[in-house]
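Look at the structure below. This briefing covers its cores, its pockets and its aromatic pairs.

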Amino acid sequence: MEILYYDPEHYLITNKPYSVRIDGDTESCPTSESLLYRDFQQHEKLYLLHQLDYVTSGVHCWGLSKKAAGIAGKAFSRRQVKKTYTALVRGHLEQDEMEITTPLMDDPADDKKTIVAPSEELGKACQTHVQLIRRGYFFDTPVTHVELSPVTGRRHQLRVHMASIGHPIIGDPTYEVPHTSSAFRCMLHSWRLALPQPNGEVLRFEAKEPFADLI
């Protein structure tokens with residue numbers, strides 16, 4: 001696994017592959033956590049700072065001390081961390097820039113899925129900023145390369161928001177229906193992350209953008 005940043009007193013930042021889970025059972029395959037414990041045995045404890053879906057690649061953060069994890073945890077909970085993703089979505093977006101504010105909720109029929117809420121009262125407020133990068137084709141499928149910036153951080157927010165406007169993320173095994181047969185992965189990547197520190201410094205991390213050459 002590619003290491004983007006390592007400060008033994010504070011943080012370990014990785015470029016998570018799209019086919020690796022963050023944590024959990026390791027019988028069928030290793031997780032990010034198990035691989036990092038193997039490679040960084042000098043650290044007795046790794047602190048998980050935020051989630052990243054199994055199907056999503058890119059910047060992912062771990063804390064290496066209780067103090068550093070507490071600082072980062074507050075920044076994440078207060079929405080002070082700026083996260084930027086890139087994605088290939090099906091179809092050509094008409095607008096170059098837009099905000100999606102559709103409320104979301106857990107799917108009562110499937111606890112592993114998120115759905116659009118039937119009303120604001122039943123859902124949780126969500127906000128995603130969408131910025132055009134380029135329109136093009138993935139093989140013969142019309143696609144749009146977009147930059148996605150979540151203001152809120154609900155489960156599967158980017159994936160469900162894009163599907164809700166008729167432009168699901170290419171290769172999404174859950175929310176792209178029908179599935180793009182030529183997709184070899186879910187085309188969603190955690191590209192950049194900016195983590196503010198108490199002294200005013202902002203730690204900035206970036207994982208190479210993987211989709212520009214596909215269209």
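Residue classes come first: Ala, Val, Leu, Ile, Met, Phe, Trp, Tyr, Cys and Pro count as nonpolar, Asp, Glu, Lys and Arg as charged, and the others, Gly among them, as polar. This is a predicted model: local features need pLDDT of at least 70, side-chain atom pairs count only at pLDDT 80 or more, and totals for chains, interfaces and linings use all residues. Residues are numbered from 1 along each chain as its sequence is written, and side-chain values use heavy atoms, with hydrogens and water left out.

**Pockets**

- A pocket is an open set of points on a 1 Å grid over the protein atoms alone, where a 1.4 Å probe fits, with protein on both sides within 12 Å along at least five of seven lines; lining residues have an atom within 4 Å of a point.
- A volume is the space filled by probe spheres set on the points, which are joined across faces, edges and corners.
- The largest pocket has a volume of about 690 Å³.
- Its lining has 26 residues, and the closest to the centre are Gln-51, Lys-83, Gly-153, Arg-154 and Arg-155.
- By class, this lining has ten nonpolar, nine polar and seven charged residues.
- The second largest pocket holds about 150 Å³ of space.
- Among its 14 lining residues, His-10, Tyr-11, Gln-197, Pro-198 and Asn-199 are closest to the centre.

**Nonpolar cores**

- A nonpolar core is a set of buried (under 20% relative accessible area; exposed is over 50%, partly exposed in between; 1.4 Å probe, protein chains only) Ala, Val, Leu, Ile, Met, Phe, Trp, Tyr and Cys residues joined through side-chain atoms within 4.5 Å.
- The largest core has 31 residues, and Val-130, Leu-148, Ile-169 and Leu-188 have the most contacts inside it.
- A second, separate core has 16 residues, including Leu-49, Cys-61, Ala-75 and Leu-195.

**Aromatic pairs**

- Rings of Phe, Tyr and Trp (its six-membered ring) pair if their centres lie within 6.5 Å; planes under 30 degrees apart count as stacked, over 60 as edge-to-face and the rest as tilted.
- The count comes to three aromatic pairs.
- Tyr-5 and Phe-205 have ring centres 5.1 Å apart and planes at 55°, so the pair is tilted.
- Tyr-5 is partly exposed at 26% relative accessibility, whereas Phe-205 is buried at 6%.
- Tyr-6 and Phe-40 also form a tilted pair, at 5.1 Å centre to centre and 50° between the planes.
- Tyr-6 is partly exposed at 33%, and Phe-40 is buried at 11%.
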